[in-house]
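This report describes the fold of a single protein chain, moving from its overall layout to selected local features. The sequence and structure are shown first.

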Amino acid sequence: MTTANPMLIPPGEALLDALRSNMLLLGELAVRYGVETQPERPASPPVISTSDEVRRLMGQEMAALAQEQLRVLLLDAKNRLVGQRVVYQGNISQVMVRIAEVLRPAIVEAVPHLIMVHNHPSGDPEPSVADIALTREIYKGAKLLGLDLLDHVVIGGEDFVSFKDRAIIPCQL
């Protein structure tokens, strides 16, 4: 790295220089302390084929949350779990969601299928009118982008509701 006068370096280049330095330092620290920088995906990721499998995968963890949280499960063409992303975290009773934010992880990861999962801290998994309207809009947006929203599972305490099982959205696992 050059030690040029910082006043003569254009702001964009100074920022890039600082980022490069930080990346090099982070890389060295990762090697020194044995931190995995590109974690491998499991050899045989779980296949999600029912709403009950979603509940088994996510239920216990999400039921314990004090605030509403919306996650997206990312699935490949054979419905194998590629990953999950927390898309939004709200307050005790609501999550403000943009359709683009829900669909973005599937686009970035280049997966064709996704499942939405969110919790109701109240313990009642019954979807609200807003939950239903939002899910239908996300379903339509996904279709426009060539993605399949396979289900939306709401977890509340020990119970759950599947939008697919209730035919709230016309999708199949």
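The model is predicted: local features need pLDDT of at least 70, side-chain atom pairs count only at pLDDT 80 or more, and totals for chains, interfaces and linings use all residues. Residues are numbered from 1 along each chain as its sequence is written, and side-chain values use heavy atoms, with hydrogens and water left out.

**Architecture**

The chain contains four helices and five strands. Helices (H or I, at least four residues) and strands (E, at least two) are DSSP runs, numbered from the N terminus. Along the sequence these elements follow the pattern α-α-β-β-α-β-α-β-β. Of the 173 residues, 35% count as buried, where buried means under 20% relative accessible area, exposed over 50%, and partly exposed in between (1.4 Å probe, protein chains only). Contact means heavy atoms within 4.5 Å. Among contacts between residues at least 6 apart in sequence, 62% join residues at least 24 apart.

**The sheet**

The five strands form an open sheet of mixed pairing, in the order β2-β1-β3-β4-β5. Two strands pair if DSSP finds at least two bridges between them. At the edges lie β2 (81–89) and β5 (159–162), each of which pairs on one side only. On average, neighbouring strands are turned by 20° against each other, direction ignored. Axes are lines fitted to C-alpha atoms, for helices over the stretch in contact, and angles run from 0 to 180 degrees between N-to-C directions.

Strand β3 (residues 113–119) pairs with strand β4 (residues 148–156) in the parallel sense over seven bridges. Within this pairing, Asp 151 of β4 is the bridge partner of Ile 115. Strand β4 is mostly covered, with eight of its nine residues buried. Helix α4 lies across β3 and β4 and runs at about 155° to β4.

**Helices α3 and α4**

Two packed helices are described by the angle between their axes and the distance between the axes. The axes of α3 (residues 99–109) and α4 (residues 129–144) come within 10 Å and cross at roughly 45°. The pair is therefore oblique; angles under 35 degrees count as roughly parallel, over 145 as roughly antiparallel, 65 to 115 as roughly perpendicular and the rest as oblique. On the α3 side the contact is made by Ile 99, Val 102 and Leu 103, and on the α4 side by Glu 137, Ile 138, Gly 141 and Ala 142.

**Leu 73**

Leu 73 belongs to strand β1 (residues 69–75). With 0% relative accessibility, Leu 73 counts as buried. Leaving aside neighbours within four places in sequence, Leu 73 contacts residues including Val 54, Leu 57, Met 58, His 113 and Ile 115. Gly 83, another of its contacts, is 10 residues away along the chain, and the two C-alpha atoms are separated by 6.0 Å.

**Positive phi angles**

Most residues other than glycine have a negative phi.

| Residue | Phi | Loop | Relative accessible area |
|---|---|---|---|
| Ala 110 | about 55° | between α3 and β3 | 66% |
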